[in-house]
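Visitor: I have a protein chain to look at and would like to learn how to read it step by step. Could you show it to me and take my questions one at a time?

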Amino acid sequence: MIGNKIKALLNLKNKTTNDVCESLQIIDTAYYRKIKKNTFKAEELIILADLADAQLCYVDKETGKILVSFDIEDIKKDARD
């Protein structure tokens, strides 16, 4: 199910498998394996969100309020720490 949602998001944003592989710096077979086995790391999901001009967020189910959001800057900060 995770793979289907990722593919749907990227399709909505007109992103190709090549775009994804380039962003994640992997080959297409590795991407398809990640889709099939649901083995995406948090950093990879943040990169995919950035590719789709979006953010990865935790949203409160009751209020709909964003509790925490992650974007590409979080990865860059982690690399500097």
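Visitor: How many helices and strands make up the secondary structure of the chain, and in what order do the elements run?

Guide: This is a predicted model, and the secondary structure of its chain comes to five helices and two strands. Read from the N terminus on, the order of these elements is α-α-α-α-β-β-α.

Visitor: What share of the residues of the chain counts as buried?

Guide: The C-alpha atoms fill a box of roughly 40 × 30 × 25 Å along the principal axes. A residue is called buried when its relative accessible area is under 20%, and of the 81 residues of the chain the share that counts as buried is 21%.

Visitor: Which element gives the most residues to the lining of the largest pocket?

Guide: The largest pocket has a volume of about 260 Å³, and its lining includes Ile 2, Lys 5, Leu 45 and Gln 55. Two elements give two or more residues to this lining, namely α1 (2-12) and α4 (42-51). With four residues, the element that gives the most is α1.

Visitor: How many residues in the lining of the largest pocket are nonpolar?

Guide: Among the lining residues are Ile 6, Leu 9, Leu 48, Ala 49, Ala 54 and Leu 56, and residues such as Ala, Leu and Ile count as nonpolar. When the lining is sorted by class, there is one charged residue and one polar residue, while the nonpolar residues number eight.

Visitor: What separation along the helix lies between Lys 76 and Glu 73?

Guide: The side chains of Lys 76 and Glu 73 meet in a salt bridge, with 3.7 Å from N to O. Lys 76 is partly exposed, with a relative accessible area of 43%, and Glu 73 is also partly exposed, at 34%. Because the two residues are three residues apart in helix α5 (residues 72-80), their separation is about one helical turn.

Visitor: What is the phi value of Asn 14, and what is that of Asp 53?

Guide: Most residues other than glycine have a negative phi. Asn 14, in the loop between α1 and α2 (17-24), is exposed with a relative accessible area of 66%, and Asp 53, in the loop between α4 and β1 (56-59), is exposed with 67%. Each of them has a positive phi although neither is glycine: for Asn 14 the value is near 55°, and for Asp 53 the value is near 55°.

How values were computed: Residues numbered from 1 in each chain as written. Predicted model: local features only at pLDDT ≥ 70, side-chain atom pairs only at ≥ 80, totals over all residues. Heavy atoms only, no water. 1 Å grid on protein atoms, 1.4 Å probe; cavity = no way out; pocket = protein on both sides within 12 Å on 5 of 7 lines; lining within 4 Å. Points joined across faces, edges and corners; volume = space filled by probe spheres on them. Buried < 20%, exposed > 50% of the residue type's maximum accessible area, 1.4 Å probe, protein only. Salt bridge = Lys/Arg side-chain N within 4 Å of Asp/Glu carboxyl O.
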